[in-house]
Each structure stands twice: as structure tokens, then as C-alpha cells.
Amino acid sequence: MNLQQFNQLSVAEAERRLRPCVNIAAWIAAVIAARPFSSSDAALAVAWQAAQNWRPEEVSLALAQHPRIGERAKGMEQDAQFSAREQAAVNAQDTELAQALQAGNRRYEAQFGQVFLIRAAGRDGFAILRELERRLKNSAEQERQETAEQLREIVMLRFKELLSDE
């Protein structure tokens, strides 16, 4: 869909289209309320600004949409399609890498009580594993901030893709 089409969607349809980007009601409402956008850059600026105000509990709820790194999202919904494209460079055929990511995911979840989230787009499995290992050294507060930042990056990529689909 292009920007003009997005601007013309009903509120309910706009909500439906935005939810796979991130299921944070306040963000969705802020983006919808700012329509119509004069340009994609204006839309992205509003989306970025709205993402700066996420509360930790909103980020935690949004994490429920994301599969573990190295695992494929289930279903054919838009969020699963986004995730599959984002993780395309993670080589699931490399058994050693897959096992290292699984072990890292387990350690991360035990330490932080949530799924490890990273913007996988543009990163291969080895780069993701290095980041996972680095982030295991974070404090809980550092990791809370880093997770929110990674979620913002993912959301911005998804929103940009949503507006560029013809």
C-alpha cells in the first residue's frame, strides 16, 4: 500500500494494518491520529516519535509477537511474514550456529525473563550470536533499554515496508 492509500484507510483498517508492526495500542493510535501524512518521511517521523514513549510493560507485551531468533514465526499473518523476511539471513541449516543460538536464547530468557529481541534484518546468524553474547553481560536496566531500541528499529523497518508496498 502506498502513503495515499494508508491515509485513506478507516481507523479500524489502519489499526489492523499497523498491529503487525507492533501491537502497542498507544503507538498505533498516535500514528493514526497524525494522518494524513504529506510524505513517507513525515509518517516515519511521527512513528519514530511515538515509539520513544513506550512503557516497559508495553514493550514486554509486544515481545509476545516475536519468535526466538533462529526459530520461524508460525502462521501466515503479516507479523509472521515480516519476521520470516527479517530472519532470512540466519542460516538455520548450520547446526552448530542453530544450537549456539538455542543455548544463548535459553540463557538470555533465564537471565532476563523475556525473549531475546534484535533487529535481525541486515544481520547474519553469527552477528546475531555475537550480539546475544554481548547483551548477556548487560544489567537488567541496560537490557530493558536495548530491547526497546531494537523493537523501535524493527517497527520502523516494518512501517516503512508497509508504506512502500504497492
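Guide: A crossing is called left-handed if the near helix is turned anticlockwise from the far one by less than a right angle, and right-handed if clockwise. By that rule helix 3 and helix 4 cross in a right-handed manner, helices being DSSP runs of H or I of at least four residues, numbered from the N terminus. The model is predicted, so local features need pLDDT of at least 70 and side-chain atom pairs count only at pLDDT 80 or more, whereas totals for chains, interfaces and linings use all residues. Residues are numbered from 1 along each chain as its sequence is written, and side-chain values use heavy atoms, without hydrogens and water.

The axes of helix 3 and helix 4, lines fitted to C-alpha atoms over the stretch in contact, come within 9 Å and cross at roughly 150 degrees, on a scale from 0 to 180 degrees between N-to-C directions. That angle makes helix 3 roughly antiparallel to helix 4, a label for angles over 145 degrees. At the contact (heavy atoms within 4.5 Å), Trp27, Ala30 and Val31 of helix 3 meet Val46, Ala47, Ala50 and Ala51 of helix 4. These contact residues comprise seven nonpolar, no polar and no charged, where Ala, Val, Leu, Ile, Met, Phe, Trp, Tyr, Cys and Pro count as nonpolar, Asp, Glu, Lys and Arg as charged, and the others, Gly among them, as polar. Leaving aside neighbours within four places in sequence, Phe159 has contacts that include Trp27, Val31 and Ala47.

Conventions. Helices (H or I, at least four residues) and strands (E, at least two) are DSSP runs, numbered from the N terminus. Angles under 35 degrees count as roughly parallel, over 145 as roughly antiparallel, 65 to 115 as roughly perpendicular and the rest as oblique.
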